[in-house]
Amino acid sequence: MKVIDVHCHLQHEKFTPNRDEVIAEAKKKMEFLIVAGANPQWNRGAISLSEKHKGFIYAVVGLQPVDAIKHSEKEFAEELEFIRKNAKKIVGVGEIGLDYHWVKDEKEREIQRQRFEKLLSLAEELKLPVVIHSWDAEAEAVEILSRYELKSVVMHCFSGSKEVMEKALAQGYYISFSTTIAFSKTAKKLARDCPLERILVETDAPYLDPAKGINMPWNTAIVIKKIADAKKSAEYEVLSKVVENAKKVFGIK
Ligand SMILES: [Zn+2]
């Protein structure tokens with residue numbers, strides 16, 4: 001059975017020298033993958049890759065919280081319009097969320113929250129799932145999310161506490177584990193305690209490579225192995241369930 005990746009950035013410039021080769025290799029090893037946007041340039045890159053590789057690459061587009069505050073009101077509104085216009089070409093809105101790790105200024109955090117909420121309203125209107133980036137702001141992100149009626153919520157590369165994970169699970173959300181699980185005891189414990197029905201896997205490639213180089217989307221195989229170890233279950237069992245979960249969340253046939 002082939003692996004999947006629900007969150008990677010193949011539009012990243014790190015893949016420019018060998019993107020075609022990476023995608024050809026991915027097609028041998030993987031059933032499908034999802035390329036996530038985060039800024040206007042990456043959003044266009046994600047959609048164009050999904051159009052070039054229909055039925056294999058899917059796109060989600062959004063404004064990552066650190067990036068979201070860099071734009072003027074006009075630019076932000078234009079990007080919301082871009083997402084709305086391309087709603088039929090995407091399988092979700094993301095990555096969006098809150099990042100208090102990189103953004104410490106209270107005024108900037110307020111802009112982050114306002115823009116996060118505008119993106120959530122849009123996802124609600126478009127009936128699309130959301131992919132959430134939250135760093136040092138997990139509890140607040142989950143609280144804000146609870147006020148929206150979203151098709152599905154994916155906590156991308158989740159790094160919050162067990163308590164926040166339980167709250168997210170109680171609200172029906174999915175927890176996406178990344179390749180950081182290879183070197184994180186905390187992630188292994190969270191995976192052990194997260195029901196398989198709510199688990200997704202991702203690499204965030206080119207980031208988070210366990211070997212400290214350029215991560216590759218098929219390295220979700222490592223994530224699956226670590227989750228299976230943590231849960232003392234078979235790898236094929238974890239894999240078949242995460243594939244089923246991903247198809248359900250993102251409406252992939
Ligand atoms: Zn990412």
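Visitor: What should I know about the model before reading it?
Guide: It is predicted: local features need pLDDT of at least 70, side-chain atom pairs count only at pLDDT 80 or more, and totals for chains, interfaces and linings use all residues. Residues are numbered from 1 along each chain as its sequence is written.

Visitor: How many helices and strands are there in the protein?
Guide: The protein has ten helices and eight strands; these are DSSP runs, with helices being H or I of at least four residues and strands E of at least two, numbered from the N terminus.

Visitor: What does the C-alpha trace span along its principal axes?
Guide: The C-alpha trace spans about 50 × 40 × 35 Å.

Visitor: Next topic: at roughly what angle do the axes of α4 and α5 cross?
Guide: The axes of α4 (residues 73–85) and α5 (residues 106–126) cross at roughly 20 degrees and come within 11 Å. Axes are lines fitted to C-alpha atoms, for helices over the stretch in contact, and angles run from 0 to 180 degrees between N-to-C directions.

Visitor: Where is G172 placed?
Guide: G172 is in the loop between α7 (162–170) and β7 (174–177).

Visitor: Is G172 buried or exposed?
Guide: G172 counts as exposed because it has 10 C-beta neighbours inside 10 Å.

Conventions
A residue is buried if 20 or more other C-beta atoms lie within 10 Å of its own, exposed if 12 or fewer, and partly exposed in between; C-beta atoms are placed from the backbone.
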